[in-house]
Amino acid sequence: MAVVGRPNMHEEPPLLPMQQDADEIFSLAEQRSSPLPSTDEPYRAQRTGTTPYMSIRVLRGESHTHFDDIESFLYVLVLFFFSYKGPLEEQALKNARVHGFIQPFGEGRLPHVTAWPAMFERWTSDSFDEISRRKAGDLNTVSHATFMRQFYPHILERWPSNSRGSIAPRAIGMLISKCWSMFSRQELRVTHHQFIEVLREWLKQYAIEEDKYVYPFDVN
């Protein structure tokens with residue numbers, strides 16, 4: 001299928017001010033960090049459906065292209081960090097391994113699994129047209145700074161720095177911000193190569209973070 005206006009897969013888009021502002025926005029959020037008000041909302045099983053991961057074009061009923069698959073992966077990546085309250089502690093990891101990392105039936109939600117913030121829950125229900133409008137309102141250059149200010153307190157709450165000096169919240173925030181801004185400024189036309197390069201650079205930049213978490217298994 002021919003795709004009109006396909007970008008050069010090796011062309012790196014210029015860095016815009018909204019990406020340069022990420023550090024400042026995250027620093028302010030960390031200084032003001034305080035517990036978020038509890039909504040006491042019940043866990044919503046329907047969030048595991050496909051709607052939150054659908055691309056804007058597919059939600060609108062437009063023809064599907066490979067760009068839609070890459071956009072869907074963006075939502076998988078972002079929503080992962082809002083689905084869990086950080087990595088499991090050592091004993092919890094060992095218990096999970098005993099069960100094959102599968103949640104035992106009938107034991108309810110695991111303690112590290114959490115409901116999504118309201119800013120993402122609104123992607124789970126309503127008409128496809130309305131959800132597409134909500135996503136389009138979040139995923140653009142105009143609202144990027146507002147989006148960062150909204151999501152980062154939830155990252156601080158779910159992925160706090162640990163006693164071993166982890167800077168996981170900032171690392172996660174920068175990854176989400178860079179991916180989100182790339183899709184925004186390229187109007188959702190991001191290639192596989194461009195996405196992988198962002199992930200590869202992020203892993204390289206924050207490689208030391210892996211050593212600050214417990215992995216109690218023999219990897220040999």
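This is a predicted model: local features need pLDDT of at least 70, side-chain atom pairs count only at pLDDT 80 or more; totals for chains, interfaces and linings use all residues.

Begin by selecting E187, which is exposed because its relative accessible area of 66% is over the 50% cut-off. E187 sits in the loop between helix 9 (168-185) and helix 10. Its backbone deserves a check: phi of E187 is near 55°, a positive value in a residue other than glycine. Most residues other than glycine have a negative phi.

Next, select L188, which also belongs to the loop between helix 9 and helix 10. Is L188 buried or exposed? L188 is buried, at a relative accessible area of 16%. The phi angle of L188 is near 75°, again positive in a residue that is not glycine.

Then display helix 10 (residues 192-205) together with helix 4 (residues 66-80); the two pack at an angle of about 25°, and their axes are 10 Å apart. Because angles under 35 degrees count as roughly parallel, helix 4 and helix 10 are described as roughly parallel to each other. Their crossing is right-handed. To view the contact, show the side chains of I70, F73, L74 and L77 in helix 4, which meet H192, F195 and L199 in helix 10. By class, this contact comprises six nonpolar residues, one polar residue and no charged residues.

Finally, select T114, in the loop between helix 5 (90-98) and helix 6 (118-121). T114 counts as buried, with 9% relative accessibility.

Definitions and conventions
Residues are numbered from 1 along each chain as its sequence is written. Side-chain values use heavy atoms; hydrogens and water are left out. Axes are lines fitted to C-alpha atoms, for helices over the stretch in contact, and angles run from 0 to 180 degrees between N-to-C directions. Helices (H or I, at least four residues) and strands (E, at least two) are DSSP runs, numbered from the N terminus. Angles under 35 degrees count as roughly parallel, over 145 as roughly antiparallel, 65 to 115 as roughly perpendicular and the rest as oblique. A crossing is left-handed if the near helix is turned anticlockwise from the far one by less than a right angle, and right-handed if clockwise. Contact means heavy atoms within 4.5 Å. Ala, Val, Leu, Ile, Met, Phe, Trp, Tyr, Cys and Pro count as nonpolar, Asp, Glu, Lys and Arg as charged, and the others, Gly among them, as polar. Buried means under 20% relative accessible area, exposed over 50%, partly exposed in between (1.4 Å probe, protein chains only).
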